[in-house]
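Let us take a friendly walk through a protein model, one piece at a time.

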Amino acid sequence: MQREGYAGNGAPRVGVYICHCGTNIAGVVDVTRLTEYAARLPSVAVAREYKYMCSDPGQALIRSDIAEHKLNRVVVAACSPLLHEHTFRGAVDAAGLNPYYFQMVSIRELDSWVHTDRGEATRKAEDLVRAAVQRVIFHEPLETRRVPVNPNVLIVGGGIAGIHAALTLANAGRHVYLVEREPTIGGHMAKFDKTFPTLDCAACILTPKMTAVGTHPNITLWTYSEVQQVDGYVGNYHITVRRKPRYVIEDLCVGCRECIEACVYKEAKVLDEFNLGLGKRKPVYLPFPQAVPLLVVIDPETCIEFKSGKCKKTCVEVCGDRGAIDFKQTERLEEVDVGAIVLATGFRTFDAHRVPYYGYGTLPNVYSALEVERLVNASGPTGGEVVLRDGRRPERVGIIHCVGSRDENYNIYCSRVCCMYSIKLAHLIRERTGAEVYNFYIDIRTPGKGFEEFYRRTLDEGIHFIRGKVAQVSDWSTQPEEQGKLTIQVEDTLAGLIRRIPVDMVVLSAALEPQADAEAVRRLFNISCSTEGWFLERHPKLAPVSTFTDGIFLAGACQAPKDIPDSVAQAGAAAAEALALIDAGSIALDPNTAYVIAADCSGCKTCIPLCPYHAIIFSGETAKAEITEALCKGCGVCVAACPSGSIRQHLFEDAQILAEIEGILAAVRA
Amino acid sequence: MPDHQEHTGPRENGWEPTIVAFFCNWCTYTAADLAGTSRLKYPPNARVIRVMCSGRVDPQFIVEAFARGADGVLIGGCHPGDCHYVEGNYKTLRRMALLRRVLEEMGIAQPRLRLEWISASEGEKVARVIREMTESLRTLGPLDLPGRRRRWDAEVTLPAVAAAPIQELAAQGR
């Protein structure tokens, strides 16, 4: 089994390096005993322990030992290989030894962090180190595969995160395909009036960026579109995008809105999605005046032409020679090749109907915070007037924090932005109406730049803060002052008493939740989700915008609840990561591909249907299986299935895995 | 290389089951890492071998693990539909169904081979599965296939047995 490597080594000489990781490993595993144990294993030339193997001196230790002790195999027992395998392969490579003459053992994540018994943890570490030493003997020198990288990038989601990532990449001269499922980009931010804590006008900072996306020569913007299929792999993704019909020809429509005026519906009758149903629109509509692209959409659900086919089609008439309206438009598919993907699919707000005792949906003057964002917005359904559904101006307003967050019944996590947006809304409502505003909170969380200052400012403005989780919002009165009002019943945990506070308007500060279809999107892109459904980053600290699928990055609130500054920062990071990937021109892939020992292949074809990538073909000429290395992703399914053992896999050879099994169990046999 | 190498320290609490675990790189191994970073605690009985896909687990590996003294074998892969390699985990599932029957014929009880779908976010499930499996193997007791094999070998090489004619053995009811 053993073959000569390029380092020119006959008998294996293994160097074993045990990391203390400060006290992370050494606190539980007896590293000295482990090192002594490793030193006695057959083929081990040198075994050492060091405080931090991944540090510069730690790596230098490996490099100098390779030269001095003529090591031809290296084993490092430290943290997870998913974290530092790359680092140590680099160190081995730098010393002139093939980087694949290396095996990493996790004695931190798989041992010291999960066990408490020092003796048992050390025994386990011994088993694992012995397995690695036995395995590494069977390692062979391999060459990293390099594949070219397509320089284009796909960005999914046109909220502030997707917009920022798109502009960053486009400004760097890369071509971006930005796919948004709504008819316009802008996302949640386009709905806001002011942003905390600076009270910047959201539209003033967002709409110029939206326009830049719409006009940028390096951005192909596909709104009202969804990604339907993702094929390929890092550097070489093939994407199919489904473009829903908007029944308006994009190249011809200039956004003049004459068709909206001319529509046979004289009054807007359809609930307007952009205003969360607080306003009305017509069947032909523009989501909002600053929409990008500035193109109308026809809603076939409500358009008379679609329902009866007997409309006078005044819209077509008024569009005239431009001829932008096309009732026969159908769904189209676009296919593009990209090297990297940024997911910026955002969040949805918690549906407050799920908390029946707060009266959302049954008591008319109970609003969700997002609805109130629209009410305070100058371009909203009321032109920025904060008024109740009957047109009255509220004199007393209660804002209930943590609706759906920090609640065992719904989501246990903190949605992170609600305290701040609640305080912002309190400020805006008081500013616009002069109302008494009460905030009902569990804890006020203001850990961002300028957040605490903003909170203190609102305290000075006379906004009330009551610590306590609201038990109920009701419209029945027990006191004369509660008549005709909504009563918020709450335990004031600072005063230590139950209070009933009558108000005219209740605002529910709803949690941020993963998009309803996050699970489907996750599967489409083959990435992971946390248990709550947020897209999972590769490492919370070291790779916060990467995913476990190479070439796919995360930006914004699809990863976890986030405010605008954090979403933008993350989008910039994701763009930079994508840029680093595509600008390299080619990417190194682990050489863990399968290959056929032609002499042993019987031509049974068992393997051929097993490969999901069609990497195995049956050669009519030789009557044997052949693997196209460029297509192989290295899963090893065919290797395990080959009846004659003629398919093998680099880095995961049978001999290597069997040696590992033997090493693990050597002590059991004793 | 010697057949075995003893541990540096003696075990204080007598026999403990040994589990050989094959975890796929993308889901279950990552979940085990998460269990680690979350500092979840579970029994130290499992030894993990990382493979890229649970579909790489050759039934031979499992048989080999039992033959070399494992009391249980645990295979962890991505949930159905979530395989990083499209459908490697389905292939594992089918292979294991067949292997289970073979193992039962060999006197290796069902709970000794366990297949679990554990996604990258399910660190808690890694801890729970290893805890449960360790408990069930403690109840089952040692498999000790190497010892059994030695005893079987000893039986068939008994000079009296080897020399005795078939009819005689039949008469003795052997």
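Two strands pair if DSSP finds at least two bridges between them. Strands (E, at least two residues) and helices (H or I, at least four) are DSSP runs, numbered from the N terminus. This is a predicted model, in which local features need pLDDT of at least 70, side-chain atom pairs count only at pLDDT 80 or more, and totals for chains, interfaces and linings use all residues. Residues are numbered from 1 along each chain as its sequence is written, while chains are lettered from A and ligands numbered from 1 in the order in which they are written.

**The sheet of chain B**

With those terms in hand, look at chain B: four strands form an open sheet in the order β2-β1-β3-β4, with parallel pairing. Its edge strands, β2 (46-51) and β4 (113-117) of chain B, each pair on one side only. From one strand to the next, the twist averages 20°. Five bridges join β3 (residues 72-77) of chain B to β4(B) in the parallel sense; V73(B) stands opposite L113(B) in β4(B). Helix α4 (residues 123-140) of chain B packs on the sheet and touches β1 (19-24), β2, β3 and β4 of chain B. The direction of α4(B) makes about 160° with that of β3(B), where axes are lines fitted to C-alpha atoms, for helices over the stretch in contact, and angles run from 0 to 180 degrees between N-to-C directions.

**The domains of chain A**

Chain A has four domains, with bounds from an automatic or database domain assignment:

| Domain of chain A | Residues |
|---|---|
| domain 1 | 14-144 |
| domain 2 | 258-322 |
| domain 3 | 351-513 |
| domain 4 | 594-649 |

The centres of domain 2 and domain 3 of chain A, taken over C-alpha atoms, are separated by 34 Å. Six residues of domain 2 of chain A are in contact with seven residues of domain 3 of chain A, contact meaning that the C-beta atoms of two residues, placed from the backbone, lie within 7 Å.

**Where the chains meet**

How many residues of chain A are in contact with chain B? There are 58, and they are in contact with 52 residues of chain B. α17(A) gives the most to this side of chain A, with 12 residues.

**A buried helix**

Finally, why is α5(A) called largely enclosed by the rest of the structure? Because 17 of its 19 residues are buried, that is, 20 or more other C-beta atoms lie within 10 Å of their own, with C-beta atoms placed from the backbone.

Conventions: Buried ≥ 20, exposed ≤ 12 C-beta atoms within 10 Å, placed from the backbone.
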